[in-house]
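This note is intended for a colleague who is meeting the structure for the first time. Please read the numbered points with the sequence and the model side by side.

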Amino acid sequence: MSDLTHLTIAEAADLLARREIAAVELTEAHLRRIDAHDPRLNSFITVTSDHALTQARAADAELTRGVRRGPLHGIPLALKDLYDTAGIRTTAGSTFFADRIPDTDARAVTLLYQAGAVLLGKLNMHEWALGVTNINPHYGPSRNPWDPSRITGGSSGGAAAALAAGLCMGALGSDTGGSIRIPASLCGIVGLKPTFGRVSLQGVIPLSWNLDHAGPMARTVTDAALLLQAIAGYDPDDPVSVALPVDNLLATLDAGVTGWRIALATDAHFGEADPEVISAVRRAATVFEELGARVEAVDLSQGREAAQMNALMTTSDAAAFHRDRLRDHPHRFGADVLARMERGAQFTSTEYILARRFQSEWRRRLERLFEQFDLLLTPATPITAPVIEGLDAIEAARQLTRCTAPFNLAGLPALSVPCGLSAAGLPIGLQIVAAPWNEARALRAGRAFENATQWHRQTPPGW
């Protein structure tokens, strides 16, 4: 059999169910790959080898008894290092939490364990999730498998690097201004930010209580759907969780987009991107037309202000959460994170209230857009991955969140899928946005695009 680390979750799940491979075998293959390649990529902060093998042996024992918990049973996954894990340190990429060992698991982690998943470890991230470069001054930068001199994107950058290099089969990230979709775009994988309130944030260390989203990262749309199916749902212990039913995300995944009306953002804000990115996104729109959809250009120029208001709220909320640490130990923050938090602390209550008012207006405008259209297409990131050396992290955050942050502000589901490679061989991401609670529709469109193209099958050279 070919390298087990090249399998998708769906493929591995089928082999495990038929007992053609064992969970221990699958887990050991990933642990060997982590040992061999992560010193170059620095995608993990903590590798949980013993824990993973114990879980894998338990998964095999259940399968031998005829007990299968579902498609994630025995699947090796990893977590961004801000998901609490009982008995396993959870650092949030910070020195403050370098030795923090939670007593309980985050709700999403509990659900993964209930589904039979195996935990390989905790993934590197931008410090406190406040940034998009994953250049972490405390744990080192994560490096992009497509070109290790370049950033992964962030703040879920370790997850994207690990997935692109075959070090795990799926991951959970978090997204406040683009932190799932940006690294997905820059590393050529799939990342989904669900609707705000769809996935529990209980036990996820916050950046912004008002804008954080938890969601899946994977190598294919089907795998992302399998992960989301396992973790989505109402949690009464999360104050922003919403009690709405979760669709069967697999039921219509391959139903296509024939007859759909799709919007393509071409205004000055979303169109202000590298020409190679614009060209790839337009080619992707043409693919949807060939699949039977009707694509129409729309003006969403207010997206610029939406991104600015998202940044104001993110940094203000971060300053509030870290107020004691900022007062007592500012020197323990990285320079870019400290600068952004100090700026957030300076915004007035009036400015914050005006941002919240704009948030309501922007959300309503997009809800009306989706009364006319089934989906919205934009670039996921306006550029491909920049080099690590000499990068201004604050400017990178402003630039790389431009297409993603507006949909955090609105709380809408948004999916990034690979849609091309630049002349330099770097991935380009397409963002697919849907109406609130319509993750199934975004995933269905992403799957249709995968079926019609080969971009999701491209892998970094040498990996």
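Is histidine 322 buried or exposed?

1. Histidine 322 has a relative accessible area of 0%, so this residue is buried. The model is a predicted one, and the points below should be read accordingly. Histidine 322 is located in the loop between helix 9 (303–321) and helix 10 (323–328). Apart from residues up to four places away in sequence, histidine 322 touches Trp128, Phe333 and Met341.

2. Trp128 and Phe333 belong, together with Phe96 and Phe97, to one aromatic cluster. A charged side chain is also placed at one of these rings: arginine 332 lies over the face of phenylalanine 96, 4.4 Å from the ring centre. Elsewhere, arginine 441 lies over the face of tryptophan 260, at 5.8 Å from the ring centre.

3. A pair of aromatic rings is described by the distance of the centres and the angle of the planes. The structure contains 7 aromatic pairs. One of them is formed by phenylalanine 97 and tryptophan 128, which are edge-to-face, with 5.0 Å from centre to centre and 75° between the planes. This pair links distant parts of the chain, 31 residues apart. Phenylalanine 97 is in the loop between strand 2 (76–80) and helix 4 (107–114), while tryptophan 128 is in the loop between strand 3 (118–123) and strand 4 (135–136). Both phenylalanine 97 and tryptophan 128 are buried.

4. Why does the pair of phenylalanine 270 and phenylalanine 407 count as stacked? The ring centres are 5.9 Å apart and the planes stand at 25°, and planes under 30 degrees apart count as stacked. Phenylalanine 270 belongs to the loop between strand 9 (261–265) and helix 8 (275–290), and phenylalanine 407 to helix 14 (residues 405–410), so the pair ties together parts that are 137 residues apart in sequence. Phenylalanine 270 is buried at a relative accessible area of 0%, and phenylalanine 407 is buried with a relative accessible area of 0%.

5. Two helix contacts deserve attention. The axes of helix 11 (residues 335–346) and helix 13 (residues 393–400) come within 9 Å and cross at roughly 65°; the two helices are therefore roughly perpendicular to each other. On the side of helix 11 the contact involves Asp336, Ala339 and Arg340, which meet Ala393, Ile394 and Ala397 in helix 13. These residues divide into 4 nonpolar, no polar and 2 charged.

6. Helix 4 packs with helix 7 (residues 221–231) at an angle of about 110°, the axes being 8 Å apart. Helix 4 and helix 7 are therefore roughly perpendicular to each other. Ala108, Leu111 and Leu112 of helix 4 make this contact with Leu227, Ala230 and Ile231 of helix 7. Here the residues divide into 6 nonpolar, no polar and no charged.

7. Two aspartates can be considered together. Aspartate 60 lies in helix 3 (residues 49–64) and is buried, with a relative accessible area of 10%. Its neighbours within four places in sequence aside, aspartate 60 is in contact with Arg19, Ala22, Ala23 and Val24. Aspartate 103, by contrast, is exposed at 74% relative accessibility. Its place is in the loop between strand 2 and helix 4. Aspartate 103 and glycine 87 are separated by 16 residues in sequence, and their C-alpha atoms by 6.2 Å in space.

8. Finally, the backbone. Most residues other than glycine have a negative phi, and most peptide bonds are trans. Which residues are joined by a cis peptide bond? Glycine 154 and serine 155 are joined in this way, with omega at about 10°; serine 155 is in the loop between strand 5 (140–141) and helix 5 (157–164). Asparagine 42, in the loop between helix 2 (23–41) and strand 1 (44–47), has a phi near 60°, a positive value in a residue other than glycine. Asparagine 134 likewise has a positive phi, of about 60°, although it is not a glycine. Asparagine 134 is found in the loop between strand 3 and strand 4 and counts as buried, at 0% relative accessibility.

Technical notes:
Residues numbered from 1 in each chain as written. Predicted model: local features only at pLDDT ≥ 70, side-chain atom pairs only at ≥ 80, totals over all residues. Heavy atoms only, no water. Phe/Tyr/Trp six-rings, centres within 6.5 Å; stacked < 30°, edge-to-face > 60°. Helix = DSSP H or I, 4+ residues; strand = E, 2+ residues; numbered from the N terminus. Buried < 20%, exposed > 50% of the residue type's maximum accessible area, 1.4 Å probe, protein only. Lys NZ or Arg CZ within 6 Å of the ring centre and 35° of its normal. Axes fitted to C-alpha atoms, helices over the stretch in contact; angles between N-to-C directions. Parallel < 35°, antiparallel > 145°, perpendicular 65-115°, else oblique. Contact = heavy atoms within 4.5 Å. Nonpolar A, V, L, I, M, F, W, Y, C, P; charged D, E, K, R; others polar.
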